[in-house]
Structures are given as C-alpha cells and as structure tokens.
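Subject: Handing over the structure

Hello,

I am passing this structure on to you, with some notes to go with it. Please have a look at the sequence and the model first, and then read on.

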Amino acid sequence: MTIKRRNLYLYLTLICFFGVIAIFIVDGYMGIYDTVYITAGEREQKIESDVWQRNDPYRSSGIARGEKAFIRYEVDNRRFSGYEADIDVSVWRMQNKVSDVLSQHIAIGSFNKVQIEWVIDTAELLPPDAPPEQGFDYTLTIKRGETERNIILYVNPTPYPVIKTVPSPPR
Amino acid sequence: MNIRLEYVLFVFGILFCLAGVGYLAVEYVKNLSEAGKLVSLLLTVAMFAFLSKYFEGIGW
C-alpha cells in the first residue's frame with residue numbers, strides 16, 4: 001500500500017512535468033509569430049513577437065534625416081496547417097496616412113517562414129518645409145489580416161551646423 | 001562507499017528534467033499567454049510538491 005502510494009506521487013510528478021512541457025509546446029511555441037528588423041544607421045534593431053503582447057506601439061531607435069531605414073518583416077508559421085494573409089504597410093502621422101508602402105499577399109506552408117522587405121526613405125516622408133532643428137515621429141503600421149503592429153519611427157533633427165567664430169581684429 | 005545505482009539514475013533524471021524545463025522556460029516563456037503562464041506555474045509547484053512527497057516516502 002505504501003509503495004503504491006509512493007509511486008502515485010511519482011506518477012503525479014511526471015504528469016505535472018509533461019503538462020508543463022505540453023503547455024510550453026502548444027501555447028509557447030505553436031502559432032503565428034512575426035518579427036520586425038529595422039536597419040538604420042548601420043544598426044539593426046530586432047522587434048520580437050513578444051513585444052506586441054503589451055499592446056503598445058513600439059518606439060524604435062531614430063533614423064537620421066535624409067537617410068533610409070531598411071525594414072524586414074518575418075512571419076513564422078509554427079502550425080500544422082498553412083497560413084495566408086494580406087500584408088499592408090503604411091506610414092501615418094497625426095492620424096493621417098502619409099504614404100502606402102506595401103501591399104502583398106503571403107502564403108506560408110506549415111512550419112515555414114516568409115520575409116518581406118521594404119525601405120522607408122525619410123526624404124520622402126518629411127514635409128518640404130520641415131525645419132531642420134525639428135524631429136518628427138511617424139507611425140509605421142503593419143497590418144497582417146486582422147492583426148495590426150504599430151512602430152513609432154523617429155526622424156532625428158539635423159545636427160546644428162558648427163558656428164564659426166570670427167577672430168577679433170588685431171588692435 | 002556503496003551508492004545504489006537507482007539513486008544515481010534518479011539524480012540524472014531530475015537534472016535532465018530541470019535542464020529541459022529551464023531551457024523551455026528561457027526560450028518560450030515570453031510567448032506564453034497569461035493563462036498558460038499561470039497553469040505552468042501551478043503545475044511546476046505541484047510537480048515539486050509531489051516530488052518532495054515521493055522522496056519523503058523513500059526515506060530521503
């Protein structure tokens with residue numbers, strides 16, 4: 001009787017262990033995961049899919065004025081079935097759409113991934129009369145089916161020009 | 001020194017279990033939903049409780 005009861009505790013331990021493993025596989029691994037890579041100023045920033053669980057827009061590092069940001073969007077299908085969706089990328093500022101960047105249909109096989117790349121040129125985003133000392137925030141919106149990811153892109157102001165000092169005339 | 005082989009195997013088994021759970025925790029806990037995190041925590045607590053009772057039963 002004692003041995004049976006002792007073994008029962010061992011079996012319950014094993015059941016709990018395999019329960020934890022099953023939750024990690026089904027809830028933590030399986031599903032659709034998307035990752036955004038932003039390369040600006042020779043620095044690559046990786047925005048992993050767990051960032052979106054906070055439901056806040058992600059604030060990326062700045063882009064120098066006049067330069068381009070190279071963005072890569074990766075969709076990872078970790079399911080036994082295929083996945084299809086329409087990807088729409090646009091740039092917004094103050095609730096107004098500044099530009100449509102991309103519109104593409106993707107189809108991913110099971111346990112496969114797809115990457116989409118595009119370029120954001122700050123010269124095309126900024127208004128022509130933008131003062132050089134002002135920074136600008138833009139929202140990059142990536143729509144994948146019903147899912148929406150928002151990333152705030154900050155365009156840095158132009159550094160102040162070096163003020164040349166005029167030497168005082170000799171007396 | 002006479003260490004029983006089954007105890008050595010138990011220790012190896014426990015270490016492998018902990019290493020496996022630790023690896024999964026580091027890699028995938030960030031992707032778990034809130035309910036998944038809670039159930040995992042409860043199962044982990046229960047696992048250690050049952051393991052303690054088992055070791056108590058075998059006289060450790």
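**What I found**

In β8(A), Thr139(A) is the bridge partner of Trp92(A). Before going further, please keep in mind that this is a predicted model, in which local features need pLDDT of at least 70 and side-chain atom pairs count only at pLDDT 80 or more, while totals for chains, interfaces and linings use all residues. Residues are numbered from 1 along each chain as its sequence is written, and chains are lettered from A and ligands numbered from 1 in the order in which they are written.

On confidence, the model scores ipTM 0.73 and pTM 0.76. Chain B has a mean pLDDT (the predictor's confidence in each residue, from 0 to 100) of 87, and 97% of its residues reach 70 or more.

Strands here are DSSP runs of E with at least two residues, helices are runs of H or I with at least four, and both are numbered from the N terminus; two strands pair if DSSP finds at least two bridges between them. Strand β8 (residues 136–144) of chain A runs antiparallel to strand β5 (residues 83–93) of chain A, and 6 bridges join them. With strand β9 (residues 147–155) of chain A, β8(A) also pairs in the antiparallel sense, over 9 bridges. Within that pairing, Tyr154(A) in β9(A) stands opposite Asp137(A). The hairpin of β8(A) and β9(A) has 2 residues between the strands, and Gly145(A) takes a positive phi near 65 degrees there.

On to β6(A): this strand pairs with β5(A) in the antiparallel sense over 11 bridges, and Ser99(A) in β6(A) is the bridge partner of Val91(A). Put together, 5 strands make an open sheet in the order β3-β9-β8-β5-β6 (chain A), with mixed pairing. At its edges stand β3 (58–59) and β6 (96–108) of chain A, each with a single partner strand, so one side of each has no neighbour in the sheet.

**The four-strand sheet of chain A**

A further open sheet has 4 strands in the order β2-β1-β4-β7 (chain A), with antiparallel pairing. Its edge strands, β2 (43–47) and β7 (112–121) of chain A, each pair on one side only. β1(A) and β2(A) are joined in the antiparallel sense over 5 bridges, and Val36(A) stands opposite Ile47(A) in β2(A).

Ile32(A) lies in strand β1 (residues 31–40) of chain A. Leaving out residues up to four places away in sequence, Ile32(A) touches Val75(A), Asn77(A) and Tyr83(A), where contact needs C-beta atoms, placed from the backbone, within 7 Å.

**Chain B and where the chains meet**

In chain B, helix α2 (residues 34–57) has 24 residues and should span 34 Å at 1.5 Å a residue; its end C-alpha atoms are 35 Å apart, which agrees. That expected span is 1.5 Å times one less than the number of residues. Ser40(B), Met47(B), Phe50(B) and Tyr54(B) are buried in α2(B), and just after α2(B), Gly59(B) takes a positive phi of about 95 degrees.

Finally, 17 residues of chain A are in contact with 22 residues of chain B.

Best wishes

Technical notes. Contact = placed C-beta atoms within 7 Å. Buried ≥ 20, exposed ≤ 12 C-beta atoms within 10 Å, placed from the backbone.
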